[in-house]
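Please look over the sequence and the model first, then read the points below.

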Amino acid sequence: VQLQACGGGLVQAGGSLRLSCTASKTILSSSIMGWYRQAPGKERDLVATLRSGRDPNLGDSVRGRFTISRDNAKNTVYLQMNSLKPEDTAVYYCYAKQESARYWGQGTQVTVSS
């Protein structure tokens, strides 16, 4: 399974961006899909993950600002990012876990200017 992410870019603080990630093959609705991010010099951290029928799992720093959703028919997960802050600047990686297999996308850069 390959994950193709898009939607990153440069935005001013307070602005919004929407990321999307599409899997190359059918992803089971029972799988977990979501996003992690990695800022320069820091570890890769959870942004948000979602399993169909369950509540989303959001990182503390994005709760209330970011929303995750998925369209299983399109094998796609979305991340709506609002009220962006400079500290949200990072490479955002799409992630999927299906049964015992884990998959990562290539990463998309999000830069928030102050």
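What radius of gyration would a compact globule with 114 residues have, and what does the chain have? The rule for a compact globule gives a value near 13 Å, and the chain, at 13 Å, agrees with it. The model is predicted. Its chain holds 11 strands and zero helices.

**Overall build**

- Along the sequence, the elements follow the pattern β-β-β-β-β-β-β-β-β-β-β.
- Taken along the principal axes, the box filled by the C-alpha atoms is roughly 40 × 25 × 25 Å.
- Of the 114 residues in the chain, 42% are buried.
- The chain has an accessible surface of about 6,100 Å², and carbon and sulfur atoms account for 45% of this surface.
- Counting contacts between residues at least 6 apart in sequence, 51% join residues at least 24 apart.

**An open sheet**

- Four strands make up an open sheet with antiparallel pairing, and their order is β1-β3-β8-β7.
- The edges are taken by β1 (3–6) and β7 (66–71); each has a single partner strand, so one side of each lacks a neighbour in the sheet.
- On average, and with direction ignored, neighbouring strands of this sheet are turned by 15° against each other.
- Within the sheet, β3 (residues 17–23) and β8 (residues 76–81) run antiparallel and are joined by six bridges.
- Leucine 19 has leucine 79 of β8 standing opposite.

**Cysteines**

- The chain has one disulfide, which joins cysteine 21 to cysteine 94 with an S to S distance of 1.9 Å.
- This pair links distant parts of the chain, since cysteine 21 lies in strand β3 and cysteine 94 in strand β9 (residues 90–98), 73 residues apart.
- The link of cysteine 21 and cysteine 94 is left-handed, with -90° about the S-S bond.
- Cysteine 21 and cysteine 94 are both buried.
- Cysteine 6 takes part in no disulfide, and the nearest cysteine sulfur, which belongs to cysteine 21, is 8.5 Å away.
- A disulfide requires sulfur atoms within 2.5 Å.
- Is cysteine 6 buried, exposed or partly exposed? Its relative accessible area is 43%, and cysteine 6 therefore counts as partly exposed, because that class covers values between the 20% limit for buried and the 50% limit for exposed.

Terms used: Residues numbered from 1 in each chain as written. Predicted model: local features only at pLDDT ≥ 70, side-chain atom pairs only at ≥ 80, totals over all residues. Heavy atoms only, no water. Pairing = 2+ DSSP bridges. Helix = DSSP H or I, 4+ residues; strand = E, 2+ residues; numbered from the N terminus. Axes fitted to C-alpha atoms, helices over the stretch in contact; angles between N-to-C directions. Rg over C-alpha atoms; globule rule 2.2 N^0.38 Å. Buried < 20%, exposed > 50% of the residue type's maximum accessible area, 1.4 Å probe, protein only. Contact = heavy atoms within 4.5 Å. Areas by Shrake-Rupley, 256 points an atom, 1.4 Å probe, with all protein chains shown as cover.
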